[in-house]
Amino acid sequence: MASTAVELPSEYGYVVLVLVFYYILNMWMAFQVGKARKKYKVFYPTMYAVESENKEAKLFNCVQRGHQNSLESMPVFFVMVLVGGIQHPLISAALGVVYIVARFFYFRGYSTGVPENRLKIGGLNFLALMGLVLCAASFGIHLIIRDVL
């Protein structure tokens, strides 16, 4: 088994900045959940409101769920953008920006209290993520082929 040294292209800095922007978006979403906790009177450690106890439970739960869903997909996004960015830094960074913008609209749509609203523009996050998966797969294939040849 041959070992392979990987050199990061100078454009990889854009990939790193995408992660910083996602962190900022994540903190903004967390702040929105905190505001919703006060507004809808859902106090810690309660994760989700119960409709029998809070008439505005659905509104709070949609805000909470929008953030929670973003947290659930964050590890996959981070890995795909970091790995795909090694071989395709500009494409990965661009897809990362699309993902972040789409995630913003996903959260905003979900926060309306109508869960279907999350997919109007927010649904583009799935396409961006699939593009990042292809970039990461391309890098893996590149390493395998390079070692074989």
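Predicted model: local features only at pLDDT ≥ 70, side-chain atom pairs only at ≥ 80, totals over all residues.
User: Why is K41 called exposed?
Analyst: Its relative accessible area is 59%. Exposed means over 50%, buried under 20% and partly exposed in between (1.4 Å probe, protein chains only), so K41 counts as exposed.

User: What makes the phi of K41 worth a look?
Analyst: Phi of K41 is near 55°, a positive value in a residue other than glycine. Most residues other than glycine have a negative phi, and most peptide bonds are trans. The loop between α1 and α2 also holds P45, and the peptide bond from Y44 to P45 is cis, with omega near 5°.

User: What makes α1 roughly antiparallel to α2?
Analyst: Helix α1 (residues 12-40) and helix α2 (residues 57-87) pack at about 170°, with their axes 10 Å apart. Roughly antiparallel applies over 145 degrees (under 35 is roughly parallel, 65 to 115 roughly perpendicular, the rest oblique), so α1 is roughly antiparallel to α2. The axes are lines fitted to C-alpha atoms, for helices over the stretch in contact, and angles run from 0 to 180 degrees between N-to-C directions.

User: How do the residues of the contact of α1 with α2 divide?
Analyst: Into 20 nonpolar, 7 polar and 1 charged. Nonpolar covers Ala, Val, Leu, Ile, Met, Phe, Trp, Tyr, Cys and Pro; charged covers Asp, Glu, Lys and Arg; the others, Gly among them, count as polar.

User: How do you know that R65 forms a salt bridge with E72?
Analyst: Their closest N and O atoms are 3.0 Å apart. The rule asks for a side-chain nitrogen of Lys or Arg within 4 Å of a carboxyl oxygen of Asp or Glu, and the count by this rule comes to 1 salt bridge. R65 is partly exposed at 23% relative accessible area, and E72 is partly exposed at 44%.

User: How many disulfides does a search of the whole structure find?
Analyst: The search finds 0. A disulfide would be a pair of cysteine sulfur atoms within 2.5 Å. C62 has a relative accessible area of 4% and is therefore buried; C135, at 6%, is buried too.

User: Why is G131 called buried?
Analyst: G131 is buried because its relative accessible area is 16%. G131 is found in helix α4. G131 and L82 are 49 residues apart in sequence and 13 Å apart in space, C-alpha to C-alpha.

User: Which residues does UniProt list for "transmembrane region"?
Analyst: The unreviewed UniProt entry lists residues 12-31, 76-106 and 126-145. Such positions are given in the numbering used here, feature names are shortened, and annotations may be inferred rather than shown by experiment. In the model, residues 12-31 are 100% helix and 0% strand, with end C-alpha atoms 29 Å apart. Residues 76-106 are 97% helix and 0% strand, with end C-alpha atoms 17 Å apart.

Technical notes. Residues numbered from 1 in each chain as written. Heavy atoms only, no water. Helix = DSSP H or I, 4+ residues; strand = E, 2+ residues; numbered from the N terminus.
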